[in-house]
Structures are given as structure tokens and as C-alpha cells.
Amino acid sequence: MVQGAQVVGRVTALLRLVGRKPEGTSLAGLVRESGLTRPTVHRLLTSLAAEGFLEHDSSSGKWVLGPEIFLLGSVAAARFPMEDIARPSLRRLATETGESAFFSIRRGNETVCVLREEGSFPVRSFVLHEGVRFPLGVASAGTAILAFVPAEEQEALLAEWAEHAGDFADGHPADVVRENLEQTRLAGYSVNPGLILEGSWGMGAAVFDQHGRPAWALSLTGIEPRFRPERQEYLGKLLLEEAHRMTARLQGTS
């Protein structure tokens, strides 16, 4: 039983790693990121490809998600009609601001970007796209969510921040994260001042479920000059309006 559970864990970890990048990931990259041996990774990838969950792009040499993932996702989408709820807000945000707007969900101690709406401003940040995962508390969506989780849950993550944040820990020192969380609670929205990639800024606002828990987030990303202090209040107001609109709909109060 333990061995079977271990295989399942490895398979799902590889699927998540492949799904992080639309262009796919190389075998060497998957070995490095998974911590598994090369023969093990290759064997699992081959088995997943045989079932249609992955494909190997012969031109790039990278592994990409296969058609079975799309089919399963299409069926699952009927149970999670978040696009119908989130898309109008994303379109309004992108139209009003000119920036790229995103919708992310919380999955355990991560956030996953699931929807995007491009803005009209010609210069964009490409840090965020569908499928990208960040540790909770990293990036504007993750900061917006973590700021409003129960204090004991928040402290549990901050107490082991370096391990939790992983590769993002250097750019997100715990003291900076704590300050960002406090500012987010005060303002209602988060600001990521280029902590992931210099010059690439973001802002986010949490969306709450029927139990009042922060389960999703709306965010805007772009280049630093578009997120200067004099514009942040305007962008934050728009984010909060849309987040409140979504929360009200999800809670059945609108």
C-alpha cells in the first residue's frame, strides 16, 4: 500500500511540474525539480505518455501535457464553474486598467493561476500564466490570500518560511513577507514590488468562499512604471470591487 501511494505521489508531482510551463519541460529539468532519479522519471513519463496524459515533443525534446488531461479537465470544469464567475471580472479589470488580469486558486499551500485576460497596454510581464504555481505568500495572489487566513495557519507557514518558499525564499525574506502581509491586511489588497522578477510588479485581492475563507484571488501584473504609488490606490480599488462582487456571488448574497 505504501509503495502504491508513493508511485501516485510521484506521478502527480511530475504532472504538476510539466503543467507549470505551457511550452513543456525537459527530462533533465524534471529530474532536477522532482529529486527523482533519471531512470525513474523516464519510466513514469513513458507510462503517462502511453495513457495519453503526457506527450513528448520531438522537435523541442520537452514533455507537455497530453489530450487526456484536457478531456478530464473539461469534465471537471462542469463541477467548478469558476470561469463563468471570474471571466467577467477579469475582462473588466483588463479593460479598465490596460494590464493583464489573472484569476488564481488556492490548492493546499500553493496558488495556481487558472485564468488570464490580456490588457491593451503593449508592454507586459510574462511571470504569470495559466498553470503557474507559487508557494502561498509568494506573488500578489498568494500574498492576498495568506494575509487573510487564520493567524495560526499563517504563523505555521512563516515559521518554516525558507522550506515553504523554496527557490523563492531568497527574493522573499520572511521579514519582507511579514511586512507585505500586514500592509495587505490594512489596505485590503496586496502589492508585489518586483520580488519574483525585478521590474515586474503585481497587485492582488482575495476572493472569499461561503465560509469566509480566502480561497481565490484576482490579480493584475505589469511593468513597474504602471504600478507606481500614485496609481496603486486606483488599481487596488478596482481589484477590491471585483473581488467583492465575486465573493457576493459565491456566497449567494448578490
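## Helix 6 against helix 9

The axes of helix 6 (residues 139–146) and helix 9 (residues 174–187) come within 9 Å and cross at roughly 70°, where axes are lines fitted to C-alpha atoms, for helices over the stretch in contact, and angles run from 0 to 180 degrees between N-to-C directions. Helix 6 is therefore roughly perpendicular to helix 9, a term for angles of 65 to 115 degrees.

In this contact (heavy atoms within 4.5 Å), Thr143, Ala144 and Leu146 of helix 6 meet Asn180, Leu181 and Thr184 of helix 9. These residues divide into three nonpolar, three polar and no charged.

## Basis of the model

This is a predicted model, in which local features need pLDDT of at least 70 and side-chain atom pairs count only at pLDDT 80 or more, while totals for chains, interfaces and linings use all residues. Residues are numbered from 1 along each chain as its sequence is written, and side-chain values use heavy atoms, with hydrogens and water left out.

Helices (H or I, at least four residues) and strands (E, at least two) are DSSP runs numbered from the N terminus, and two strands pair if DSSP finds at least two bridges between them.

Seven bridges pair strand 4 (residues 100–107) with strand 5 (residues 110–117) in the antiparallel sense, and among the partners serine 104 is bridged to cysteine 113 in strand 5. Two residues lie between the strands of this hairpin, where glycine 108 takes a positive phi near 65°.

Strand 5 is also joined by three bridges to strand 6 (residues 133–135), running antiparallel, with valine 112 opposite arginine 133.

Methods. Angles under 35 degrees count as roughly parallel, over 145 as roughly antiparallel, 65 to 115 as roughly perpendicular and the rest as oblique. Ala, Val, Leu, Ile, Met, Phe, Trp, Tyr, Cys and Pro count as nonpolar, Asp, Glu, Lys and Arg as charged, and the others, Gly among them, as polar.
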